Structure formats: structure tokens, C-alpha cells
Amino acid sequence: MKEFDRTARIGTEMQRELAQILRAEVRDPRLGAITLQEVRVSRDLAHAKVFFTCFPLDDGGGEQERLLNGRLAGFLRRELAHRLRLRTVPELHFVHDESVRRGEALASLIDEAVGAERADSAH
């Protein structure tokens, strides 16, 4: 259990630092509207999955994922190495998180069903 707590703490710290780096250091307009949702660090601290969403419409996630997993991943990892007190910084793997979009679609379907049920019961 203690190991899990450590990886969770490291993931939270990495998320905070990555958000600052992306905001202050990365000048690519295609990455201006991303939000980091979560960073999951492997138990051996060798890899970190960084889940992100794109706002406002969550479009272009695939393109942004390619950008982040390209040369930019090395730059971000080096910047993290300067900011975090870790012996080794995990290799970064960016994953476009579509759960927000799916949640919105599901909420919309529920609203439609409730509206249809109310319309049926009113007749």
C-alpha cells in the first residue's frame, strides 16, 4: 500500500509541473487548450501515462497526442528532471482521454430520455 501512495504522490506532482511547463514553456498554439486530467506512474517509476483532454470541443486529440508523444515528450521529461527530486524521471506516454466527451454524450442521451418520458406522461 505504501508503494501505491508514493506513485500517486509522484503522479500528482508530475501533473502539476507538466501543466506549468505546458503553460509557460511550450509555444505551440495547437496545445493551448489541453487540460491534464491525470498522471499514472508505474510501480517501478519507469513509465508515466499522462491523460489529457482538449477543450472546448475536445477536437484534435489525436493530433495533439502525436505532438506530445513526439519530440515534445523528451523536452517535457528534461524539464521535469530539472524540477522534480527523482533519481530518474519516468518516460512519458500521453493518452487522449475521451471520457469527458463520452460523459457529455451520455448526459445528453439521459436528458433526451427524461424529456421524452415527461412529454409522454403529459399526454
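Where does L45 lie? Hold that for a moment. First, a word on what we are looking at. This is a predicted model.

Let's start with the whole chain. The protein chain has 123 residues, and buried residues make up 30% of them. Its secondary structure comes to four helices and three strands. Read from the N terminus, the order of the elements is α-β-β-α-α-β-α.

Now contacts along the chain. Take those between residues at least 6 apart in sequence. Of these, 64% join residues at least 24 apart.

And the surface. The accessible surface comes to about 8500 Å². Carbon and sulfur atoms account for 51% of that area.

Back to the opening question. L45 sits in the loop between strand 1, residues 34-41, and strand 2, residues 47-54. Is L45 buried or exposed? Its relative accessibility is 13%, so L45 counts as buried. The cut-off here is under 20%.

Most residues other than glycine have a negative phi.

Next, helix 2. It spans residues 61-69, and its buried residues are G61, Q64 and L68. Why do they fall on the same side of helix 2? Because they cover an arc of only 65° around the axis.

Let me pick out Q64 from that set. Q64 lies in helix 2. Its relative accessibility is 7%, so Q64 counts as buried. Now look from Q64 to T53. Those two are 11 residues apart along the chain. Their C-alpha atoms are separated by 9.6 Å.

Last stop: helix 2 against helix 3. Helix 3 covers residues 71-83. How do the two axes meet? They come within 4 Å and cross at roughly 55°. That angle makes helix 2 oblique to helix 3.

Which residues make the contact? From helix 2, we have L67, L68 and N69. From helix 3, we have R71, L72, A73 and L76. By type, the residues of this contact divide into five nonpolar, one polar and one charged.

Notice L68 in both lists. It is one of the buried residues of helix 2, and L68 also takes part in the contact with helix 3.

Note on methods:
Residues numbered from 1 in each chain as written. Predicted model: local features only at pLDDT ≥ 70, side-chain atom pairs only at ≥ 80, totals over all residues. Heavy atoms only, no water. Buried < 20%, exposed > 50% of the residue type's maximum accessible area, 1.4 Å probe, protein only. Helix = DSSP H or I, 4+ residues; strand = E, 2+ residues; numbered from the N terminus. Arc of directions from axis to C-beta. Axes fitted to C-alpha atoms, helices over the stretch in contact; angles between N-to-C directions. Parallel < 35°, antiparallel > 145°, perpendicular 65-115°, else oblique. Contact = heavy atoms within 4.5 Å. Nonpolar A, V, L, I, M, F, W, Y, C, P; charged D, E, K, R; others polar. Areas by Shrake-Rupley, 256 points an atom, 1.4 Å probe, with all protein chains shown as cover.
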